[in-house]
Amino acid sequence: MIGQESRLPPLIRPKKQKSDLAKIDGGLAERAAKAGGFSDARVLVACELYGGSFSDNSITAKTKSLKTQVENLRKVVEEMNLIAREALGEVRGGGILGIVGSKTPSPGELSKTIRQLYAEGGNYWNQYIFAANDGLPPQLAKLPYL
C-alpha cells in the first residue's frame, strides 16, 4: 500500500474550451458528464467491498461499522439527488402523494438543505475513514479524512 498512490491512474478531467464561455453554465454540465460524475457503483460499492475485506469466516465489528456508514452515505446521496431533481423541476416534493398540499421549496431552502446534507455526508465519510484506519498496521498508508 505504501507508494501505491503513484500507481493509481490520474483522474480524467476534461479541459475547458473557449466554446464553454458561451454556455450558461460555462460548460460545467458537459465536462462533468464526460468525466463521469459521482456514481454509487464507483464509490459506495467500492467502500462496501473494502469494508467486507476485514471479515473472513464471520462478519467483524469493523465491517459492520463500515457498512453502517456506507448505508448512511447512500441515504444522504439519495436525498441530495432528490433535492437536485426538485431544483431542476423534474419532481415535486411534499404533500400527500406529491399532489395535495405540496409546497415547492424555494431555492434558498433547497440550498440550505443541500448544505446540511453535505455536512452530514462529510461527517459520515470521516466516521467511515476513522473506522477503516482503526487497527491498520503501521506499514499501511492511512486513508485521508475530508
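Some ground rules. In this predicted model, local features need pLDDT of at least 70 and side-chain atom pairs count only at pLDDT 80 or more, while totals for chains, interfaces and linings use all residues. Residues are numbered from 1 along each chain as its sequence is written, and side-chain values use heavy atoms, with hydrogens and water left out.

Now the overall layout. The chain has four helices and zero strands; helices (H or I, at least four residues) and strands (E, at least two) are DSSP runs, numbered from the N terminus. Along the sequence the pattern reads α-α-α-α. Of the 146 residues, 22% are buried, where buried means under 20% relative accessible area, exposed means over 50%, and partly exposed is in between, with a 1.4 Å probe and protein chains only. Take the contacts (heavy atoms within 4.5 Å) with a separation of 6 or more: residues 24 or more positions apart account for 50% of them.

Next, helix α3, residues 61-88. It has 28 residues and reaches 41 Å from its first C-alpha to its last, close to the expected 40 Å. The expected span is 1.5 Å times one less than the number of residues. Among the buried residues of α3 are L66, V70, L73 and V77. What covers these buried residues? The cover includes α2 and α4. After α3 comes G89, with a positive phi near 85°.

That brings us to α2, residues 44-52, and α4, residues 107-133. Their axes come within 11 Å and cross at roughly 25°. Axes are lines fitted to C-alpha atoms, for helices over the stretch in contact, and angles run from 0 to 180 degrees between N-to-C directions. The two helices are therefore roughly parallel, because angles under 35 degrees count as such, with over 145 roughly antiparallel, 65 to 115 roughly perpendicular and the rest oblique. At this contact, C47, Y50 and G51 in α2 meet W125, Y128 and A132 in α4. By class, that is five nonpolar, one polar and no charged residues. Nonpolar covers Ala, Val, Leu, Ile, Met, Phe, Trp, Tyr, Cys and Pro; charged covers Asp, Glu, Lys and Arg; the others, Gly among them, are polar.

Last, D40, in the loop between α1 (28-35) and α2. Is D40 buried or partly exposed? D40 is partly exposed, at 32% relative accessible area. Not counting residues up to four places away in sequence, D40 touches V45 and R74. The C-alpha atoms of D40 and E78 are separated by 9.8 Å, although the two are 38 residues apart along the chain.
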